[in-house]
Amino acid sequence: NVYDFSHDIWISPRLYNFVDHGINHSYRVLERALYIFSFLSVDRYELSPLEKTLLGMAALIHDIGMQYEKYPIIGMNKSAGQIRDGHVDIGQEMILATKDNMFNKERSGPAINLELHRWGYLAQAAKVAFAHSGNKYWEQLREEHYAYTREGGLQTKRLQLLAALLRISDELHCEFTRVPE
């Protein structure tokens with residue numbers, strides 16, 4: 001469902017004056033993150049299934065705020081520079097509006113059809129996603145490690161680790177596409 005939402009948002013990107021931040025960028029960032037993490041072969045550093053899910057969701061939504069021109073709040077206009085500089089806040093607001101069923105009413109955009117008990121996962125992924133740029137959301141992440149015993153055994157949830165992985169992978173991807181040599 002998060003993929004469908006992200007794909008619908010990026011079906012025709014609007015900010016052509018910036019590096020491609022579409023769905024393919026999200027995939028490449030996720031691939032880089034998993035590739036970087038693959039070098040840490042020590043068992044305690046392996047990503048739990050929950051962490052992989054959160055990282056995948058975060059990669060899909062981390063730049064959705066760049067599509068503000070496509071889904072503006074009625075009566076609000078932002079310049080391309082304001083969108084670029086504030087895309088993490090805009091993305092966070094888009095996710096919250098979607099959760100509250102306001103996204104369609106204020107923007108006539110796609111919805112995320114999630115069962116109520118799954119919104120917690122999206123909220124955690126959003127924390128990771130929007131910590132990829134600047135410090136506002138980064139500072140909201142806790143350094144402590146969470147451990148959950150679920151079906152399949154103990155699963156960890158290290159949000160700062162996931163955010164750091166997404167942040168460096170995003171930076172490496174953007175730099176590569178800007179300056180290939």
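I will begin with one side chain. K127, leaving aside its neighbours within four places in sequence, is in contact with L141 and L159. This is a predicted model, so please take what follows in that sense. K127 sits in helix α7. Its relative accessibility is 38%, so K127 counts as partly exposed. W138 is 11 residues away from K127 in sequence, and the two C-alpha atoms are 8.0 Å apart in space.

L159 belongs to helix α8. Is L159 buried or exposed? The relative accessible area of L159 is 4%, so this residue is buried. Besides K127, its contacts beyond four places in sequence are L54, Q124, V128 and L141.

α7 has 12 residues. From the first C-alpha to the last, α7 reaches 16 Å, close to the 16 Å expected at 1.5 Å a residue. Its buried residues are W119, L122, Q124, A125, A126, V128, A129 and F130. Which residues does F130 touch, not counting those up to four places away in sequence? They are I61, H62, V88, G91, Q92, I95 and Y137.

Several of those names come back in the core. The largest nonpolar core has 43 residues. Those with the most contacts inside this core are I61, I64, I95, L122 and F130. The elements that give two or more residues to the core are α1 (2-10), α2 (23-38), α3 (49-61), α5 (87-99), α7 (119-130) and α8 (159-178). Which element gives the largest share? That is α3, with eight residues.

So let me turn to α3. 10 of its 13 residues are buried, so α3 is largely enclosed by the rest of the structure. The buried ones are L50, E51, L54, L55, G56, M57, A58, A59, L60 and I61. Note that a glutamate, E51, is on that list. As for length, the 13 residues of α3 should span 18 Å at 1.5 Å a residue, and the end C-alpha atoms are 19 Å apart, which agrees.

Next, the pair formed by α2 and α3. Two packed helices are described by the angle between their axes and the distance between the axes. The axes of α2 and α3 come within 8 Å and cross at roughly 145 degrees. The crossing is right-handed. On the α2 side the residues that meet α3 are I23, S26, Y27, L30, A33 and L34. On the α3 side they are L55, G56, A59 and L60.

L60 is found in α3, and at 11% relative accessibility L60 counts as buried. Leaving aside neighbours within four places in sequence, L60 is in contact with V2, Y3, S6, I23, S26 and Y27. The C-alpha atoms of L60 and V29 are 9.1 Å apart, for a separation of 31 residues along the chain.

Then α1, which holds F5. F5 is at 0% relative accessibility and so counts as buried. F5 and I112 are 107 residues apart in sequence, and 5.6 Å apart in space from C-alpha to C-alpha.

The remaining helix I want to mention is α5. Its 13 residues should span 18 Å at 1.5 Å a residue, and its end C-alpha atoms are 18 Å apart, which agrees. H87, V88, I90, G91, Q92, M94, I95, A97 and T98 are buried in α5. I95 is one of the residues with the most contacts inside the largest core, and I95 is also touched by F130.

Finally, the whole chain. The protein has eight helices and two strands. Along the sequence the pattern is α-α-α-α-α-α-α-β-β-α. Of the 181 residues, 43% count as buried. How much of the contact list is between residues 24 or more positions apart? Such pairs account for 73% of the contacts with a separation of 6 or more. The accessible surface comes to about 10000 Å², and 52% of that belongs to carbon and sulfur atoms.

Terms used
Residues are numbered from 1 along each chain as its sequence is written. This is a predicted model: local features need pLDDT of at least 70, side-chain atom pairs count only at pLDDT 80 or more; totals for chains, interfaces and linings use all residues. Side-chain values use heavy atoms; hydrogens and water are left out. A nonpolar core is a set of buried Ala, Val, Leu, Ile, Met, Phe, Trp, Tyr and Cys residues joined through side-chain atoms within 4.5 Å. Buried means under 20% relative accessible area, exposed over 50%, partly exposed in between (1.4 Å probe, protein chains only). Helices (H or I, at least four residues) and strands (E, at least two) are DSSP runs, numbered from the N terminus. Contact means heavy atoms within 4.5 Å. The expected span of a helix is 1.5 Å times one less than its number of residues. Accessible areas come from the Shrake-Rupley method with a 1.4 Å probe; for residues, only the protein chains shown count as cover. Axes are lines fitted to C-alpha atoms, for helices over the stretch in contact, and angles run from 0 to 180 degrees between N-to-C directions. A crossing is left-handed if the near helix is turned anticlockwise from the far one by less than a right angle, and right-handed if clockwise.
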